[in-house]
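Trainee: I would like to learn how to read interfaces and backbone features in a model. Could you take me through one?

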Amino acid sequence: MTQFQVILRKGEASRSLEIMEDDGLLICATGPDEFWVFSEQHDAQGVETVLGRMIGETASLFDQSHGRVVLRIEGPRTIEVLAKGSPLDFDALPVKGAAHTVIEHIPVLISRREAAGPYDVSVPRSYAASFIAWLEEAI
Amino acid sequence: MSRQTNRLPEGGLVDRTQVISFTFDGRKFKAHPGDTLASALLANGIHLTGRSFKYHRPRGIYTAGAEEPNALVTLGNGGRTEPNTPATMVEVYDGLKARSQNRWPSLKFDLLSVNSLLKPFFPAGFYYKTFMWPRSFWYRLYEPMIRRAAGLGTLANESDPDRYETAHTQCDVLVVGAGPAGLMATREAARAGVNVLLVDEQPLPGGHLTGEADKVDGKSGAAWAAGMADELRAMENVCILSRTTVYGRYDGMTFGAVERVGDHLSPDSALPRQRGWTIQTRQLINAAGAIERPLVFAGNDRPGVMLAGAARVYVNRYGVLPGRNVVVFTNNDDAYRTARDLSQAGANVTLVDSRAKEKVHSRGVLPASVEMHFEQYISKVKGRSHVGRVTLAPSGTEIACDLVCVSGGWTPSLHLLSHVGHRPEWDEASTSFVMKEPGDEARAAGGAAATFDLNETLREGSKAGKAAAEACGHGIPGKTNLPKADDLPAYHIEPLWRVPSAMSRADGSFVDLQNDVTVADLELATREGFGHAEHAKRYTTLGMATDQGKLANVNALGILSQLQGRPISETGTTTFRPLTAPAAFGAIAGQARGSAFRPIRRSAMHLWHENHGAVFTQAGLWLRPYFYPREDEDFAAAVKREVLAVRSSIGMVDVSTLGKIELKGPDAGNFLDRLYINAFSKMKVHRARYGVMLREDGMVFDDGTVSRLGESHYFITVTTANASAVMQHMEFCHQVHWPHLDVQFCTVSETWAAMAVAGPKARDVLARAVNGLHLENHAFPFMAVGEGTIGGAPVRVFRISFSGELAYEVYTPAGYGADVWEAIMAAGESDGITAYGTEAMTVMRTEKGHVAGPELDGRTTAADLGLGGMMSVRKNFIGRWMASRSGLEGQDRLQLVGLKPVRSDETFRMGAHLVKDIGVTGVDVSHGHISTSVYSPTCDHFIGLAMLRNGRERHGETLQVVSPLHDESVSVEVVGPVFSDPDGEKMRG
């Protein structure tokens, strides 16, 4: 999955990025002036093109696709399992939203695709094996 | 296996259709599902369950709840051994095995009970006063001996084979306690639409209602509570956790709790044993109820003495009659219900009340058969391993009995209201501490608020639920239907902290059963000046151990106030701290144990390293190849081979663990100028430069390289150890110091795999592997930066050298890391390319005199390290002014030098000190220390980097290296820090 970290330029703080699913992007606010963009449809260049059309020069784009492994978790027990590791309030996580959290000391970014899930857990690549070991026991 | 002698023919909430068996001290007994170990033992006529902490006195089951001080047992065997478990909280399952504690050779005949006879000689503080000389004996002999004799259960040495987990949850309102107040509070808050989490330590809802005979809405209390719980479970915004103890409240309305998930099941169950919860809430309703207080009189610790409330729980909830000839001794109205219930269950009951007859409200509830004595006290108890007879005072009447039920009133459970600093206040009417000002986020209802009337409790619970919901911004629609409980006479109490001293011996009157603290101990503490509540606790150990004074504290405070002749409100109370109840470490650690204690980070090339025999070392969370031994090679041989390969031909090392940060924006260069001691804003695009950052105080913080990839695009590397610290520092500087700078940056450490290709053949080999990039020296000189592809994968190539050789760092998106690594390996095969680990890297950077972690130890300035010339004087940067303090510039600073042994076969170690004369000792003889020492294959002898006082002026001097810990001393010569290629011809060529 292509992933971009998007940080707004100085003075662009009030701008909010529209969710543009038609363009094959999921754009989630993840911090002050910071967004995370996911796309299964586009490669890095494609995402840059679409984002460039949307926001021009108002933000800096950082391609993080190679740095993160995404695990898609679904099923009725998804939140129960993730809550064994994460203090996140999953009810408060908006649909098509994402939040940074920590699971067993591993910084992860969890995004919610639809109201009933699935949840995508974006894990820093070097931690992937440890995270999967945790997940297997937690499940 | 014998009959359950004390099981009533009917009644209780146990499942009489099933009979299960368990063992206690090896003897087999019968029980029913729904029993606790305590109720099952009592059903079998067993009261004696343990020996006391200090005097080894026989002790029996005293309560029916978590506050049990006496009946602490050890469950399980081997790694599953669980000592100090209250028998009152253990749900019996078929095959349960429990053992008594603190006795030898057996519970009935315990040799150390001789301590009990010597009790007059063992007052509080005895050990510390007696075993003082010789001083050295304390640790070696006295303390181990005393510890063996005292204490509770013994821990297992094996690791615990059970599984534990942690969990997090959030709610608007946390209700602690599923008794009448808690159930009502939950219902009302939930009706208002907030999310409610109801937590209760028992398997059944209802709290004390499960142990009462009185009715609510015409149903038994247990049936009413079960109906309420069903109604609540059907609500979407209610979650109920049973068998869960909230053990602590922490800042920001965070609570810790332990759920006993599988404890009531056989250990073979697939469920985790316990689950440690972290609960985040907005509002707390403390409906944790109240705990009954003991009465203090001589012999009040004998097996067969029990709290009055507990006795009726055994009758009503478990269908067990704990005694047939019962004396109920009380100072309040509540115990009359015990007298009533036990009498109705068939016991002969005598009631002894310390109050005058006319003060008592509840005489009417008693059947005519109950004999009553007013203004009388129990002064003496006969029967060593079980009560047989009590003597009343002042009348002198003797009553034969096998059960003494005592009630000194009720103490509200305030722990969760007090943990974050609120102080309870003394309330004369209820003779208890209450929380009058629990803060805006917490409230209490029912027993926890010193409300002992059931109808009032139901009303108060409902009110608390509404108030909590309102505090969350939710109003309540419609009217509340309050259930109606049987009316009982009003609760009245008259304080009785101890039976008057003239009637009952102080040294046999136990205040704290768990810690064997008597009235005599408190008298002694007061005499010796330790009468304040906090002092008396430490002096006597009262209120310590697993029950944390839940039973003893209020009586003790009452006695101390009497001894000092001032009101209890002035004696003060001790401080409530988490944990309120013991929690197993396993439940707090969850899955984070053994190899999962912390995560492991692996680079994109990790599998290659594994497949090629790498021995790994830990660098923070990272696993890095340390060296790659070939057949028969030891550490030294492998490292030597790796170094020589690089120096003579070519080698490659995985440097993916370096911290990497990418910066964009028009002010990126300006931002870096402010962070580093040297300047980058004027550096040309496609160039790299070594950079050093200082802390605010002028000491070196970190070093690495800064590369300019575009006009407003930079890429920096920082040391593995400081990767996140530097990122935090940069975020702080940007957000706080210079928010006006238009720069955006983020960590890309994970995104790029990195490898350093080093050695005389590096250019030839890399040229064979890379496309789209010319590597000739004129086209791609030292410190050049370029882009190309290797095997189709995009790469960034930096001509940077840590080893001092002709070298390139190759970065590629991590997904290509392994492919690019293998492609370079293949291209270098004909030149004998050698993978090298962190040790060879350390050896080579030491040979080259490059500083690293051991030199950047937080005490060194750039000037100390010979990098002072890099400090720009034309710009401001963090640390500039503090680094120019006179103390950091003087002649006596420790400065970086190189060392070599005078005799080339001698070695020295890191941390050793440099002295002029080994014969001179003192605090100021050290001239410095060795920061790094390695065997240098290039020089063929040991070399070192050291921090030496005024070192740069002392090249050529001979000094002694001493390590008194290892009894070593070696002569060394001070030299320049660069041993290999001092003019840099190799890396620039």
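This is a predicted model: local features need pLDDT of at least 70, side-chain atom pairs count only at pLDDT 80 or more; totals for chains, interfaces and linings use all residues.

Trainee: Into which domains is chain A divided?

Mentor: Domain bounds come from an automatic or database domain assignment. Chain A has domain 1 (2–63) and domain 2 (67–138), with C-alpha centres 21 Å apart.

Trainee: How is the size of an interface given?

Mentor: Often as the accessible area lost when the parts come together. Here buried area is the accessible area (1.4 Å probe) that two parts lose on being put together, summed over both. Between domain 1 and domain 2 of chain A about 960 Å² is buried, 59% of it from carbon and sulfur atoms. In domain 1 of chain A, Q3(A), L26(A) and F38(A) lose the most area to domain 2, together 41% of what that side buries. Contact means heavy atoms within 4.5 Å, and 12 residues of domain 1 of chain A touch 11 residues of domain 2 in this way.

Trainee: How many salt bridges are counted between domain 1 and domain 2 of chain A?

Mentor: A salt bridge is a side-chain nitrogen of Lys or Arg within 4 Å of a carboxyl oxygen of Asp or Glu. The count between these two domains is 2. In the salt bridge of R113(A) with E40(A), the closest N and O atoms are 3.4 Å apart.

Trainee: What area do chain A and chain B bury between them?

Mentor: About 2,800 Å², with 49% of it on carbon and sulfur atoms. H66(A), K84(A) and S126(A) supply 22% of the area that chain A buries against chain B, more than any other three residues. The contact takes in 32 residues of chain A and 36 residues of chain B. Across this interface the rule finds 2 salt bridges. D742(B) forms a salt bridge with R9(A), and their closest N and O atoms are 2.7 Å apart.

Trainee: Which element of chain A gives the largest share of the side that touches chain B?

Mentor: Helices (H or I, at least four residues) and strands (E, at least two) are DSSP runs, numbered from the N terminus. The elements of chain A that give two or more residues to that side are strand 1 (2–8), strand 4 (59–63) and helix 3 (128–138). Helix 3 of chain A gives the largest share, 5 residues.

Trainee: What should I look for in phi and in peptide bonds?

Mentor: Most residues other than glycine have a negative phi, and most peptide bonds are trans. In this model a cis peptide bond joins G117(A) and P118(A), with omega about 0°. P118(A) sits in the loop between strand 7 (106–112) and strand 8 (119–124) of chain A. Another cis peptide bond, also with omega about 0°, joins A393(B) and P394(B). R243(B), a residue other than glycine, has a positive phi near 50°, and its place is the loop between strand 13 (238–241) and strand 14 (244–250) of chain B.

Terms used. Residues are numbered from 1 along each chain as its sequence is written. Chains are lettered from A and ligands numbered from 1 in the order in which they are written. Side-chain values use heavy atoms; hydrogens and water are left out.
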